[in-house]
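Hello,

I am handing this structure over to you. Please have a look at it, then read my notes below.

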Amino acid sequence: MKKIDIAVVDYGMGNLRSVSKALEHVAPEKNVVVTSNPKDIENAERVVFPGQGAMPDCMRELDARGLRESVMHAAGNKPFLGICIGLQMLFEHSEEGDAVGLGLLKGNVKRFAAAEMHGANGEKLKVPHMGWNQVYQTWHSSADSSQLQSHALWKNIENGARFYYVHSYYVQPEDECIISGYSEYPNRFTVAIALDNLFAVQFHPEKSANAGLQMLSNFVNWLP
């Protein structure tokens with residue numbers, strides 16, 4: 001059996017072709033496999049956990065395919081990248097359909113509040129939040145230095161770079177120390193989290209031009 005370098009988890013929610021093709025583009029020497037086989041996920045060196053759609057449907061399909069245990073194990077033991085719903089599912093609870101998540105991270109998934117959706121000039125902002133928006137990186141003390149630095153997956157990505165979004169809900173972590181990036185719409189909200197071997201984002205790096213491809217390249221080479 002050929003070694004799987006990167007497993008893209010397929011639980012039937014969303015078109016995963018763009019994710020796999022982007023990974024193949026930045027790492028042509030790697031074996032990238034889109035899979036719904038738990039053993040592939042367990043044996044892969046790295047795991048990407050994307051998704052589109054409603055959180056209750058995603059959780060149901062994940063369990064229906066018997067993938068919960070392998071995803072949770074991967075999230076705790078190997079380089080793991082969550083994308084969009086793949087970020088939201090890591091948390092305890094979502095307002096979307098009153099859904100219970102995987103609970104790997106403490107916190108909730110909230111809907112953009114209609115009463116707050118007004119721009120600087122009073123214009124009405126649409127939900128879902130769709131299109132390009134700037135991402136601001138957070139800085140933390142490194143393990144071996146008192147200097148502040150951003151996460152390894154932000155390497156060679158400008159602070160304030162624009163990434164592509166399609167979502168109506170956002171994560172609200174209980175522990176602010178795991179926040180690695182945020183955007184504003186119109187208020188600040190978390191768009192990236194990092195904890196040990198796990199990194200997850202609300203935006204779609206595979207649809208985010210050069211900045212997104214750089215992030216995927218950083219993930220492929222990341223040694224947490």
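**What I found**

Asn 108 stands opposite Gln 172 in S13. That pair belongs to a wider arrangement. S7 (residues 105–111) and strand S13 (residues 169–173) pair in the antiparallel sense, over 5 bridges. Please keep in mind that this is a predicted model.

S7 also pairs with strand S5 (residues 91–94). Those two strands run parallel, and 3 bridges join them. Within that pairing, Phe 91 has Leu 105 of S7 as its bridge partner.

Next, the backbone. Most peptide bonds are trans, and most residues other than glycine have a negative phi. Some places here depart from that.

Two cis peptide bonds to look at:

- Val 127 to Pro 128 is cis, with omega near 15 degrees. Pro 128 sits in the loop between S7 and strand S8 (129–134).
- Tyr 185 and Pro 186 are joined by a cis bond, with omega about -20 degrees. Pro 186 is in the loop between strand S14 (179–184) and strand S15 (188–195).

Two positive phi values, neither in a glycine:

- Asp 98 has phi near 50 degrees. Its place is the loop between S5 and strand S6 (99–100).
- Asp 196 has phi near 55 degrees. This residue lies in the loop between S15 and strand S16 (198–201).

Are these aspartates buried or exposed? Asp 98 has a relative accessible area of 55%. Exposed means over 50%, so Asp 98 is exposed. Asp 196 is at 64% relative accessibility and therefore counts as exposed too.

Best wishes

Definitions and conventions. Residues are numbered from 1 along each chain as its sequence is written. This is a predicted model: local features need pLDDT of at least 70, side-chain atom pairs count only at pLDDT 80 or more; totals for chains, interfaces and linings use all residues. Side-chain values use heavy atoms; hydrogens and water are left out. Two strands pair if DSSP finds at least two bridges between them. Helices (H or I, at least four residues) and strands (E, at least two) are DSSP runs, numbered from the N terminus. Buried means under 20% relative accessible area, exposed over 50%, partly exposed in between (1.4 Å probe, protein chains only).
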